Amino acid sequence: MTGTVSIRRKWKASVPIKILLCIFWLFAIILPLFRMLSTMASVDVLAVMSAKKFAKALLQSLTVSVTATAISVSLAGLLSWAVARTNIRHKALFITLLTIPMLIPSISHGMGLIIILGSNGWLSRLLGLSGGIYGFWGIVIGSVMYSFPVAFLMLYDVLRYEDGTPYEAANVMGFSVMKKFFAISFPYLRKPLISVVFATFTMIITDYGVPLMVGGKFMTLPVMMYQDVIGMLDFGKGSVIGMILLIPALIACILDMVNRDKGNASFVGKPYGIRKNKVRDRIAYLMVIIVIILVFLPIGSFAILAFVNKYPIDMSLTVKNILQAIHMGAAEYLRNSLIIAVVVSVLGTALALFNAYMTARNRTKLSYVLHLMSITSLAIPGLVLGLSYVMFFKSTFIYGTFAILFLVNSMHFFSSPYLMAYNTFGKINENLEDVGSSMGISKWKVIKDVLLPQSIGTIIEMMSYFFVNSMMTISAVSFLANVGNKPIALMITQFEGQMQLECAAFVSLVILLINIIMKSVVFAVKKKLTR
């Protein structure tokens, strides 16, 4: 009885900590968002939304996002099938190569398209194409390149953990391939697929990097928001556009929460059995290799562009672009990016772990409130979060410092690492702390000696996620950075505006190489730990 009372007291002792965490989230996410939305009170919202320019940008954003989402999810579905449902070899290598586009900013994909299919693109000149790939199809292709790796990983994860028992029963009963698909595969994939579609759609409709590069006169809402806030300092109109961009992200967040709970309740009885089929495997090899080549064409193009004298007039090799980028502050801005990425990966991971422990290992009504607040940033695009921080923190001591960039990046990328930790902690025996307490073992010792060692793989992935995304993000920091704390990714838009694509290509290459190094280190460490 005494032990039970002691445990209850310890659980009650966590209430003030949860309240403090809720207050933190109130100031880090909720209040800035409300501050941004409150500026619409001084704006004629109906006039803004009924303007021809706004209506056109909204329609164009929807059409390009729907088209790109359909292509991206279809491509991701085919690739996930090719990797998960065939006997092709070197699957880990193929997955790594297919997800390389996730390691560079979306604006770099747009720049790669310009080098290949722009007015002076090497493929445009080779094929005698005129006009370039600017406008609708340029944005669609760039958006697919930017978004399909995320959709691929989500679908591959679903297929990898599908229970193979129903398929064995269907084979015994003589079901055809089509009947197995509609009776087993489609019901299993339906809900996760909805989440994938909305997540991909949200990525595309809230992105301004690709449209800024290859959109031309084809205006989208994120580009309009960027131009109105950065160019004309029209925060009211920017808030209205931000509110519109919140809608698909909010729907995607709700669907992700609902389907995540369903997925966690599933049970895998037996891995899916892959039969031998040489024709199918050859088709899978061909499909994966073609996509990898297409993925590396723009990356290879801007890697070459970084070392040419003046594209396309003088293609002689030079290091002039590197020296010019360094002269314009690339080295200093790279240092800023590394500082931001390292600090965010450490502080963000620590906060996510602590938050996840308080919600997954100590379940109360307050835990559920804290959990909801912790995943709020899933529904807030980077542009919207950055604008809300400008309005809320403008008169505070952290505005214009590294601290606000640490905070905005931690909040922007918080939800995914938090959910990683939440799911990991939730799978570990929930009675550990109670048993330890009854035996006189402190809660901290249980965390240090049991929970953290069992979660080390997840912790490494969390740190990697924060680091990689902080290195390449543009949207969340574009409104907040200044000359003193500017990250190197923002130099891409600067060089693009000055028509210095060679220098922009060099910056993109630097970001890619650093993120590849980080991913390689993570892979090596995890491999060593598994041994």
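**Entry 1: ground rules.** I call a residue buried when its relative accessible area is under 20%, exposed when it is over 50%, and partly exposed in between, using a 1.4 Å probe and protein chains only. Helices (H or I, at least four residues) and strands (E, at least two) are DSSP runs, numbered from the N terminus. This is a predicted model, so I remind myself that local features need pLDDT of at least 70, side-chain atom pairs count only at pLDDT 80 or more, and totals for chains, interfaces and linings use all residues. Residues are numbered from 1 along each chain as its sequence is written, and side-chain values use heavy atoms, with hydrogens and water left out.

**Entry 2: helix α19.** I looked up α19 (residues 402-412) and found 9 of its 11 residues buried, so the rest of the structure largely encloses this helix. The buried ones are Ile404, Leu405, Phe406, Leu407, Val408, Asn409, Ser410, Met411 and His412. Which helices do the buried residues of α19 pack against? I found α2 (15-38), α16 (330-360), α18 (382-393) and α23 (456-472), with contact meaning heavy atoms within 4.5 Å. At the start of α19, I noted a side-chain oxygen of Thr401 within 3.2 Å of the backbone nitrogen of Ala403.

**Entry 3: the core.** A nonpolar core here is a set of buried Ala, Val, Leu, Ile, Met, Phe, Trp, Tyr and Cys residues joined through side-chain atoms within 4.5 Å. The largest one holds 147 residues, and Tyr389 and Met411 have the most contacts inside it. Helix α16 gives the most to this core, with 12 residues. I then listed the partners of Met411, leaving aside neighbours within four places in sequence: Phe24, Trp25, Ala28, Ile29, Leu351, Ser377, Leu385 and Tyr389.

**Entry 4: Asn355.** I stayed with α16, where Asn355 lies. At 0% relative accessibility, Asn355 counts as buried. Its side chain is joined to that of Ser374 by a polar contact of 2.4 Å. For that term I use a pair of N or O atoms within 3.5 Å; within protein, one must be able to donate a hydrogen and the other to accept it, and residues adjacent in sequence count only if both atoms are side-chain atoms. Beyond neighbours within four places in sequence, Asn355 is in contact with Leu21, Trp25, Leu370, Ser374, Phe414 and Tyr418.

Entry 5: I take axes as lines fitted to C-alpha atoms, for helices over the stretch in contact, with angles running from 0 to 180 degrees between N-to-C directions. The axes of α16 and α23 come within 8 Å and cross at roughly 145°. Phe94, Leu97 and Leu98 of α5 meet Tyr285, Val288, Val291, Ile292, Val295 and Phe296 of α14.

**Entry 6: salt bridges.** How many salt bridges did I get? With a side-chain nitrogen of Lys or Arg within 4 Å of a carboxyl oxygen of Asp or Glu as the rule, the count comes to 2. Arg280 pairs with Asp281, the closest N and O atoms being 3.0 Å apart, and both residues are buried. Glu461 and Lys526 form a salt bridge too (3.0 Å, N to O). Glu461 sits in α23 and Lys526 in α25 (residues 501-530), so this pair ties together parts that are 65 residues apart in sequence. Glu461 is partly exposed at 25% relative accessibility, and Lys526 is partly exposed at 29%.

Entry 7: Most residues other than glycine have a negative phi. His90 is not a glycine, yet has a positive phi of about 60°.

**Entry 8: whole chain.** Last, I noted 25 helices and 2 strands, with 51% of the 531 residues buried.
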